[in-house]
Amino acid sequence: MASEELARKLERRLRREEAEKSGPQLAPLGAPAPEPEPEPPARAPTASADAELSAQLSRRLDINEGAARPRRCRVFNPYTEFPEFSRRLIKDLESMFKLYDAGRDGFIDLMELKLMMEKLGAPQTHLGLKSMIKEVDEDFDGKLSFREFLLIFHKAAAGELQEDSGLMALAKLSEIDVALEGVKGAKNFFEAKVQALSSASKFEAELKAEQDERKREEEERQLRQAAFQKLKANFST
């Protein structure tokens, strides 16, 4: 009897283990099915998203009508995109751009532009500053990149800016004269009118001049260092 009882217990245990291995059991017939969890409601588009989409559509329309330039995906090279500017002029404009880029992030934002215009003696209202940025803001980020900064002077030279506009005031008050910077010997920046003649040879000549100047500076540095070492040796003896 004891052995039969033990055999039955072992059989029940084996059946229970097999049932556990086979996975969860189905719910009995007639039992209510569990309700699915409700999905979170979809977010309604925000006003900023609508405004961004509207701006993109408006820009696409301007590009199709020829009123705006398409964005460039390639790396920006100021010397090839603005061949009417000499290398020295671009470097001077770059120095001016970095001077007012207080955040050192490669952009001039609204507050930095406000400070620039105040220092140039042509302060602008908040709306005036936004209008200045908007006129050359090709990527709609609300600030000026170096390319967009150069575009101001490009438009000024091409006569594409209104005389009483803030951008024209910025270009005039920047005190960068094309005649002094070597762009075709024009009398001033606004008479240059974006002339791109023999840009390749001019680029090479300017590049060689820069290399010669760096070589001369290095020779002077070596001479000063040699003189210092000689003076130091005289004191040591």
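A helix here is a DSSP run of H or I with at least four residues, numbered from the N terminus. The structure shown is a predicted model.

Figure 1. The protein chain contains 11 helices and zero strands. Along the sequence its pattern reads α-α-α-α-α-α-α-α-α-α-α. Of the 237 residues in the protein chain, 27% are buried. Among contacts with a separation of 6 or more, 55% involve residues 24 or more positions apart.

Figure 2. Elsewhere, salt bridges that share partners join Glu 81, Glu 138 and Arg 147 into one network.

**Figure 3. Close-up of the salt bridge between Arg 87 and Glu 210.** The whole structure holds nine salt bridges. In the one shown here, the side chains of Arg 87 and Glu 210 meet at 3.0 Å, N to O. Arg 87 is part of helix H4 (residues 87–100) and Glu 210 is part of helix H11 (residues 199–236), so this pair ties together parts of the chain that are 123 residues apart in sequence. The cut-off for burial is a relative accessible area under 20%. Arg 87, at 9% relative accessibility, is therefore buried. Glu 210, at 17%, is also counted as buried.

**Figure 4. Close-up of the salt bridge between Glu 163 and Lys 172.** The two side chains meet at an N to O distance of 2.7 Å. Residues over 50% relative accessible area count as exposed. Glu 163 is exposed because its relative accessible area is 57%. Lys 172 has a relative accessibility of 44% and is therefore classed as partly exposed.

**Figure 5. Close-up of the crossing of helices H5 and H6.** The axes of H5 (residues 110–119) and H6 (residues 126–136) come within 10 Å and cross at roughly 105 degrees. Angles from 65 to 115 degrees count as roughly perpendicular. H5 and H6 are therefore roughly perpendicular to each other. On the H5 side, the contact is made by Leu 110, Leu 113, Lys 114 and Met 117. On the H6 side, His 126, Leu 129, Lys 130, Met 132 and Ile 133 take part. By class, this contact of H5 with H6 comprises six nonpolar, one polar and two charged residues.

**Figure 6. Close-up of the crossing of helices H6 and H8.** The axes of H6 and H8 (residues 166–173) come within 8 Å, with a crossing angle of roughly 85 degrees. H6 is therefore roughly perpendicular to H8. Met 132, Glu 135 and Val 136 of H6 meet Gly 166, Leu 167 and Leu 170 of H8. The residues of this contact of H6 with H8 divide into four nonpolar, one polar and one charged. Met 132 is also listed in the contact of H5 with H6.

**Figure 7. Close-up of the surroundings of Lys 155.** Lys 155 is located in helix H7 (residues 146–157). With a relative accessible area of 18%, Lys 155 is buried. Leaving aside residues up to four places away in sequence, Lys 155 touches Glu 135, Val 136, Glu 160 and Leu 161. Glu 135 and Val 136 also take part on the H6 side of the meeting with H8.

**Figure 8. Close-up of the aromatic cluster and the ring pair Phe 82 and Phe 85.** The distance of the centres and the angle of the planes describe a pair of aromatic rings. The count of aromatic pairs comes to six. For Phe 82 and Phe 85, the ring centres are 5.7 Å apart and the planes lie at 5 degrees, so the pair is stacked. Phe 82 is buried, at a relative accessible area of 1%. Phe 85, at 6% relative accessibility, counts as buried too. Ring pairs link Phe 76, Phe 82, Phe 85, Phe 97, Phe 146, Phe 149 and Phe 153 into a cluster.

Notes
Residues are numbered from 1 along each chain as its sequence is written. This is a predicted model: local features need pLDDT of at least 70, side-chain atom pairs count only at pLDDT 80 or more; totals for chains, interfaces and linings use all residues. Side-chain values use heavy atoms; hydrogens and water are left out. Axes are lines fitted to C-alpha atoms, for helices over the stretch in contact, and angles run from 0 to 180 degrees between N-to-C directions. Helices (H or I, at least four residues) and strands (E, at least two) are DSSP runs, numbered from the N terminus. Angles under 35 degrees count as roughly parallel, over 145 as roughly antiparallel, 65 to 115 as roughly perpendicular and the rest as oblique. Contact means heavy atoms within 4.5 Å. Ala, Val, Leu, Ile, Met, Phe, Trp, Tyr, Cys and Pro count as nonpolar, Asp, Glu, Lys and Arg as charged, and the others, Gly among them, as polar. Buried means under 20% relative accessible area, exposed over 50%, partly exposed in between (1.4 Å probe, protein chains only). A salt bridge is a side-chain nitrogen of Lys or Arg within 4 Å of a carboxyl oxygen of Asp or Glu. Rings of Phe, Tyr and Trp (its six-membered ring) pair if their centres lie within 6.5 Å; planes under 30 degrees apart count as stacked, over 60 as edge-to-face and the rest as tilted.
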